[in-house]
Amino acid sequence: MLGTKQRTLWGKLRSIFSRIRIVLLLSYFIIIFICIALLGSISFYISYRSMSEKAESSSIQIVRQIEKNMDNDFQNKRNLLLAPYFNQEYIDGINAYARMDVQAKFQFKQKLGDLFLKSFNITPIPGFIRFQIYYSNGELLNASDNLKQWTAEEVRQSNWFRQTVARDGRVYFSGPPANSPADNDKPAFSSSILIRDFANPDYFMIVRAEYRAELFRMIGQNDSLSAESQLLILDEDNKQIFTSRESLLDTSKSDLLERIKADDGTFWYGKQKDVLVTYIRSEYSNWKVVLMMPKNEIFGPLNQIKTTTILTAIIALVVTFFISVLFGQRITNPILDLYKTISRVKRGDFSIRVQITRNDEIGRIAMNFNDMQDELQNLIESKYIYQIKLQQVELAMLYSQINPHFLYNTLDSIKAMADYYEVEKIGEMSQSLADMFRYNIKNKTEIVTLREELEQIDAYMRIQGIRFEDKVTYEVEVEASLYDHPLLKMTLQPLVENAVFHGVEPKRGHSIIRLNARRDGEALVLTVSDNGVGMTEERLTELRSKVSAPIYTEDVPMSSVEGGIGIRNVYARYAIRLGNQFECKLESKQGVGTSVTLIISSWNL
């Protein structure tokens, strides 16, 4: 029940979508949709690529500018730490500090403190917290405040102290120490440098200055970073020094830090590749500037393109609907009128004509249809009626001919007399001929079985066997499953008769006629062959042409004397019923023999 409903629904849908108006409407929709989709996709792709390239280029320029500004600031901070080199007194004091008495040491410390206080206070330095001066043994010589964070031993063992000593006069920038104070003056980074007499490497002092993160905040503001972007500063060990915000990415993830180990680079990061990461390493401080920009901020304008494309598509589809309705009616209404007229002609009203109101192709079709109607009506009134009368006359003439029942009854009487006088061969021929006539009269329909056709051939060959005595042998090879296969009546006899009269009879000596029936896939293959005189290539080509000539050809000159008329009749009957599901093949070679093969691919006769 459900299957029937589905088939009914499917049939209704097919009926609806087979209408020209619906096809035109859908065609317009599909064309407009494809055009808009292609245009929108191409525009979106080009815009996406262009904006992506511009965003990457812009982010590279920004991080380079930030790196340049940071290096300039770091160089200025370095210059502040070099103040003792401008007065030899301080260098001498460093060399002699270990041998000074307490008062001399106190005075030297005061001079150092005054020197750096003056250096750091001449020009206000944003984010400056404190400076500290340590001697080579870790002793604190002076500081800008009273904070004392470490002992001399802790200073000597600290990483920043050892790194500064290792750089031997080059400034070292580091992040905040682990035990820095937890207050508003917590340093974000520090700079330190070793100062000594280059002729005496044993004695030196280290000046260390600590700063808050104002520098990096000011850099971000000066370079017009958006509110959604994130600035990240990493030291030379890829440890975070500063981040402008915490919400964009978890910068502690190892996979992110692993991808920014090179000197510079740009890549998309995140599960959805939704963050553009650009970084560069400072050659001066060996720190990295990392800029992270969210994808939605970069490609926000693309949403406008997407919205515009969708609105354009909707408007185009609405306009297309009205245009298709208007044009569809102009095209389909005349076609519907023509269809209604043809339907009336189909019901037998040959007087109706199509009203011609236009001069385009549809109007010309209507004009030709009216001309065809006029011609058809003339044919009906003249030739068709004449042909009916002629067939009636021919039918009456056939009824006036000898009744076949009388003929085979007479043959039965001859058979009885032959049996009475013991003339066996006359009786056998009479019986066979009577069987043949009875076969033609008995089967009222055109369709018989292969078995019935073979019985007819057996009767025919018995007559020819008596006629030619031992000159001809008849052999049959049929697959058992094919005996009930349907055939047209009188399929095999014309083929066997041609083999007898045109192959066997002209030949001297013994001949063999073979009939073979086999199955090839779904097709039935019938072959009648003989080893008679055969024919030349020219004659075979001519015969093939005559047999396969179009059915409607009226003047095919093919007499029984020339041979092939029986084959032609068989071919014509099957070709009319089966079309291209029937095939006839002729093969012959002079002095070898001839074979005729019928290939019947359909059982639906």
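Analyst: We start with a term. A polar contact is a pair of N or O atoms within 3.5 Å, where one must be able to donate a hydrogen and the other to accept it. Keep in mind that this is a predicted model. Here is a case: the side chains of Gln230 and Thr243 are joined by a polar contact of 2.7 Å.

User: Is Gln230 buried or exposed?

Analyst: Buried means under 20% relative accessible area. Gln230 has a relative accessible area of 0%, so Gln230 is buried. Gln230 belongs to strand β6, residues 230–234.

User: Which element holds Gln456? And why does Gln456 count as buried?

Analyst: Gln456 sits in helix α14, which spans residues 450–468. Its relative accessibility is 3%, so Gln456 counts as buried. Gln456 and Met490 are 34 residues apart along the chain, with 8.7 Å between their C-alpha atoms.

User: Let us step back. How many helices and strands does the chain have?

Analyst: The chain has 17 helices and 17 strands. Of its 605 residues, 40% count as buried. Now look at contacts with a separation of 6 or more. Residues 24 or more positions apart make up 61% of them.

User: How do I read strand pairing? In which sense do β12 and β14 pair?

Analyst: Look for bridges between two strands. Strand β12 (residues 472–478) and strand β14 (residues 511–520) are parallel, with seven bridges.

User: What about β14 and β15?

Analyst: These two run antiparallel, and eight bridges join them. Strand β15 covers residues 523–530. Asp520 stands opposite Ala523 in β15. The two strands form a hairpin, with two residues between them. Gly521 is in the turn and has a positive phi of about 70°.

User: Now the interior. What is the general idea behind a nonpolar core?

Analyst: In soluble globular proteins, nonpolar side chains tend to be buried together. Now the case here. The largest nonpolar core has 52 residues. Phe120, Phe189, Phe216, Ile233 and Trp287 touch the most other members. Helix α2 (residues 20–81) gives the largest share of this core, eight residues. Apart from this core lies another, of 39 residues, including Val496, Val504, Leu586 and Ile600.

User: Which residues does Phe120 touch?

Analyst: Leave out residues up to four places away in sequence. Phe120 then touches Leu80, Leu81, Ile125, Phe128, Phe131, Ala209 and Tyr211.

User: How many residues of helix α15 are buried?

Analyst: Nine of the 12 residues are buried, so to read α15 is to read a mostly covered helix. Helix α15 spans residues 493–504. Among the buried ones are Gln493, Pro494, Asn498 and Gly503. Val496 and Val504 are also on the buried list.

User: Next, rings. How many aromatic pairs are there?

Analyst: The structure holds 25. Start with Phe74 and Trp287, an edge-to-face pair. Their centres are 5.4 Å apart, with 85° between the planes. Phe74 lies in helix α2 and Trp287 in the loop between β9 and β10, so the pair ties together parts 213 residues apart in sequence. Phe74 is buried, at 0% relative accessible area. Trp287 is buried as well, at 0%.

User: What kind of pair do Tyr85 and Phe198 form?

Analyst: Tyr85 and Phe198 are stacked: 5.8 Å centre to centre, 10° between the planes. Tyr85 lies in the loop between α2 and α3, and Phe198 in the loop between β4 and β5, so the pair ties together parts 113 residues apart in sequence. Tyr85 is partly exposed, at 29%. Phe198 counts as exposed, at 58%.

User: Which residues form one aromatic cluster?

Analyst: Phe74, Phe120, Phe189, Phe216 and Trp287 are among them. Tyr211 and Tyr284 are also among the members.

User: Last one. Which charged end sits over the ring of Trp160?

Analyst: That of Arg208, 4.5 Å from the ring centre. Elsewhere, the charged end of Lys105 sits over the ring of Tyr97, 5.0 Å from its centre.

Notes: Residues numbered from 1 in each chain as written. Predicted model: local features only at pLDDT ≥ 70, side-chain atom pairs only at ≥ 80, totals over all residues. Heavy atoms only, no water. Helix = DSSP H or I, 4+ residues; strand = E, 2+ residues; numbered from the N terminus. Buried < 20%, exposed > 50% of the residue type's maximum accessible area, 1.4 Å probe, protein only. Pairing = 2+ DSSP bridges. Core = buried A, V, L, I, M, F, W, Y, C linked by side-chain atoms within 4.5 Å. Contact = heavy atoms within 4.5 Å. Phe/Tyr/Trp six-rings, centres within 6.5 Å; stacked < 30°, edge-to-face > 60°. Lys NZ or Arg CZ within 6 Å of the ring centre and 35° of its normal.
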